[in-house]
Amino acid sequence: AHPSGITVVMEEKPKKRRDRYKIEPTQKTRVEKATDEIVKRTLEVLCKEDVFPKRSRWLMAYKIADLINDFHGFVQIANEIEVRSHAEFVERHKYQTLAIAFLKASDVKMTLAVDVMKASANKLEFWAGQYNDTLRQLQGWRNKDEKRYAEKYGSLTEDDKTQIERSIPIL
């Protein structure tokens, strides 16, 4: 499956070049849906001139867009890892943790934009609710995974936790 949630199926002997690929949607988890929604809402907010005026958009909007896109990528990577060993459990947990860290960093930047740039706080209320919902779902996903995989492959060790913490860049 493609990270965007679509499956590409090659058809035999296409009649036209544009008919070569047929896109079939795949079923998404609640976490994937929430992730897609917060990315969509963030990018929509960043494009609104009444929230981020063009004259000062470059100060924060681009950084927020980078953070939210990286967050989306980490969720996709974590979700693609099929855990069959302790090492894969640690790897999945690492990407879940990175996703949470990048989502939180985007919230910090969004808050700064409201405080410093006087971006419209009213326009960001819906985004804030979406952020809180997504964060809860991500934390629940990671906690549920931690319990499930700890039973199968053993709990995360202090070394595992240190390795995961070191993988988080300074944002």
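Which residues does Leu138 touch, not counting residues up to four places away in sequence? The legends below begin with this residue.

**View 1. Contacts of Leu138 in the predicted model.** Leu138 touches Val31, Phe71, Val75, Ile100 and Leu103 when residues up to four places away in sequence are left out; contact means heavy atoms within 4.5 Å. The model is predicted, so local features need pLDDT of at least 70 and side-chain atom pairs count only at pLDDT 80 or more, while totals for chains, interfaces and linings use all residues. Residues are numbered from 1 along each chain as its sequence is written, and side-chain values use heavy atoms, with hydrogens and water left out.

**View 2. The largest nonpolar core.** This core has 40 residues, and Ile38, Phe52, Phe71, Leu103, Met110 and Leu138 touch the most other members. At least two core residues come from each of helix 1 (30–47), helix 2 (54–80), helix 3 (86–116) and helix 4 (125–153). Helix 3 gives the largest share, eleven residues. A nonpolar core is a set of buried Ala, Val, Leu, Ile, Met, Phe, Trp, Tyr and Cys residues joined through side-chain atoms within 4.5 Å. Buried means under 20% relative accessible area, exposed over 50%, and partly exposed in between (1.4 Å probe, protein chains only). Helices (H or I, at least four residues) are DSSP runs, numbered from the N terminus.

**View 3. The salt bridge between Asp145 and Arg92.** The two side chains meet at 2.4 Å, N to O. Asp145 belongs to helix 4 and Arg92 to helix 3, so the pair ties together parts that are 53 residues apart in sequence. Asp145 is buried at 3% relative accessibility, and Arg92 is buried at 7%. A salt bridge is a side-chain nitrogen of Lys or Arg within 4 Å of a carboxyl oxygen of Asp or Glu; by this rule the count is seven.

View 4. Glu37, Arg41 and Glu44 are linked in a network of salt bridges. The side chains of Arg41 and Glu44 meet at 2.9 Å, N to O. These two residues are three apart in helix 1, and therefore about one helical turn separates them. Arg41 is partly exposed, with a relative accessible area of 22%; Glu44 is also partly exposed, at 33%.

**View 5. The salt bridge between Lys161 and Glu158.** The closest N and O atoms of this pair are 4.0 Å apart. Both residues lie in helix 5 (residues 158–166), three residues or about one turn apart. Lys161 is partly exposed, with a relative accessible area of 34%, whereas Glu158 is exposed at 58%.
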